[in-house]
Amino acid sequence: EAHKESHGFQTEAKQLLHLMIHSLYSNKEIFLRELVSNASDAADKLRFEALSKPELLEEDPDLRIRIEFDKDEGSISITDNGIGMSRDEVIENLGTIARSGTANFMQNLTGDQKKDAHLIGQFGVGFYSAFIVADRVEVFTRRAGADADQGVHWECSGEAEYTIENVEWPQRGTRVVLHLKDDAKEFADGWRLRSIIKKYSDHIALPVEMLKEEAPAAEGEEKEDKAPEFEAVNAAQALWTRSRSDIKSEEYKEFYKHISHDFDDPLTWSHNRVEGKLDYTSLLYIPGRAPFDLYQRDAARGLKLYVQRTFIMDDAEQFLPLYLRFVKGVLDSNDLPLNVSREILQKDRNTDAIKSALTKRVLDMLGKLAGKDADQYQKFWDLFGNVMKEGPAEDFANKEKIAKLLRFSSTHTDEPKQDQSLEDYVGRMQEGQKYIYYVCADNFATAKSSPYLEVFRKKGIEVLLLTDQIDEWFVGHMHEFDGKPFQDVAKGALDLGEAESEEDKAEREKVEEQAGALVERVKEVLQNRVEDVRATTRLVDSPACLVVSEQDMGPQMRRILEQAGQ
Ligand code: ADP
Ligand code: MG
């Protein structure tokens, strides 16, 4: 029984679809990249399932993607013999967006096409990109292992709903048929399709095939009636298995988009083959923008894991610490067993060894970027600096390495831009200065005009201006850099160390003596409301300020705990 039904899209899916149809993408051709990328994922998933169920592959073991077109009809089809989908999977995968936080994200859409197109790129375009070029899309699919009568036909030609019905479908896998819009008919063309495949999908590990272009029959020659022959259009070799020197940066960038579902170029990457005690290849990328769910606990993170070139899982989060969760990439291991699962990964000794090697690799890659391209590094810091500050607490072993990568705003520039390193700071420390001074505040204006800074400004001692929520917590774990402890200028008795000259000391003592009587009176008036009252030379223009004692929580920390309901 065909059992044809109409279904509405989930609200978020509908919004995404609407944008696809109405956003004026400047490069429409990316639809092919997305659909080929999905077909390739489907092949990966089938290979993985076939590890334990080899019969799934039996009658059709050579995985491939085929692209066909019909110029007269104005249609294109993308066919794979990968994992395919059951009826339920079609409804789930093509009718909803499962990524959590999507609804919130969609609320940020403005209705301004240009801005929204940019936002959507950040989200990742995926299957719905078919609607950039097609006004009607059909999907024929059959799950690997299911019977021929378990085929599914999905069709959508509007934004509101789609139909779904069961059909006979002789082969395993998925065929997506695009009925092109009038202004996209140009894509139903062999030369055009070949060049798009070369451009975006050359790195796809399995063959992307098209029909051989037939040479016109020579004069007097009988044209034979041969079965149509397909040929691979792409290189069909997994990118990370190739040698670095043979890979162009364009190829690295396209590969990044395939694995990350990102729309934009990465900032930088590092591709390494490791042999010896451990044997693996890694290709790690730093994205050029932050995902909307960077701070969402349940957001997907981690690497795409392969074992001996066989895809095992997405989002293998065991190989990088949480503070490097923005890193995307591939790990292909020759040490892990093919039947590895998340549970086994957690226990495998190799996991920790690889994790610590990859962590160093990422930190080195960032150090290198900072050294060779300050602008790109600044871009990185602006995107992910706040996450990096989680590093010292999580990864004690690499504290020094992480510390060198940190950037701060300070009184040296008096600008909100966080672009001063701790090494810069230490290099500018005054003779005899023992501490790295900082002030915490809610925002830059408050930090910059803090009365605590007066004496430091007078003496020309640099103070870090910390204005991110995480800062106080972060400093608490950082403790020191290069043997110099961090010191909150708003806390406790101010010890300028040897930076206090004999002259200063004399003045401080004089002030303390002169103010003795006043201090006593203020103490009386404020009684239980303060712990202590002291005369100070730390103020230049302001008459008085509140100081938190050394052991107390700072105001930022107090607010974080309040927010957490404590
Ligand atoms: P993503 O690839 O980021 O998961 P897409 O929008 O591209 O998102 O695809 C949505 C989902 O639809 C995929 O995750 C997959 O489960 C399913 N899908 C899409 N194309 C295919 C295909 N050719 N074969 C099997 N499943 C597919
Ligand atoms: Mg996809």
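Helix H10 (residues 349-372) packs with helix H11 (residues 374-388) at an angle of about 130°, their axes 6 Å apart. Axes are lines fitted to C-alpha atoms, for helices over the stretch in contact, and angles run from 0 to 180 degrees between N-to-C directions. H10 and H11 are therefore oblique to each other (under 35 degrees is roughly parallel, over 145 roughly antiparallel, 65 to 115 roughly perpendicular, the rest oblique). Leu366, Leu369 and Ala370 in H10 meet Gln376, Tyr377 and Phe380 in H11; contact puts C-beta atoms, placed from the backbone, within 7 Å. The contact has 5 nonpolar residues, 1 polar and no charged.

This is a predicted model: local features need pLDDT of at least 70, side-chain atom pairs count only at pLDDT 80 or more, and totals for chains, interfaces and linings use all residues. Residues are numbered from 1 along each chain as its sequence is written, while chains are lettered from A and ligands numbered from 1 in the order in which they are written.

Now the ligand. Around ligand 1 stand 17 residues, the closest being Asn38, Ala42, Asn93, Gly126 and Phe127 (C-beta, placed from the backbone, within 6 Å). H2 gives the largest share, 5 residues. The shell holds 6 nonpolar, 8 polar and 3 charged residues.

Next, the sheet. An open sheet of 5 strands runs S15-S17-S16-S19-S18, with mixed pairing. Strands pair if DSSP finds at least two bridges between them. The edge strands are S15 (409-410) and S18 (480-481). S18 runs antiparallel to S19 (residues 484-488), joined by 2 bridges. Helix H17 (residues 471-478) packs on the sheet, and its direction makes about 155° with that of S16. Helices (H or I, at least four residues) and strands (E, at least two) are DSSP runs, numbered from the N terminus.

Methods:
Two residues are in contact if their C-beta atoms, placed from the backbone, lie within 7 Å. Ala, Val, Leu, Ile, Met, Phe, Trp, Tyr, Cys and Pro count as nonpolar, Asp, Glu, Lys and Arg as charged, and the others, Gly among them, as polar.
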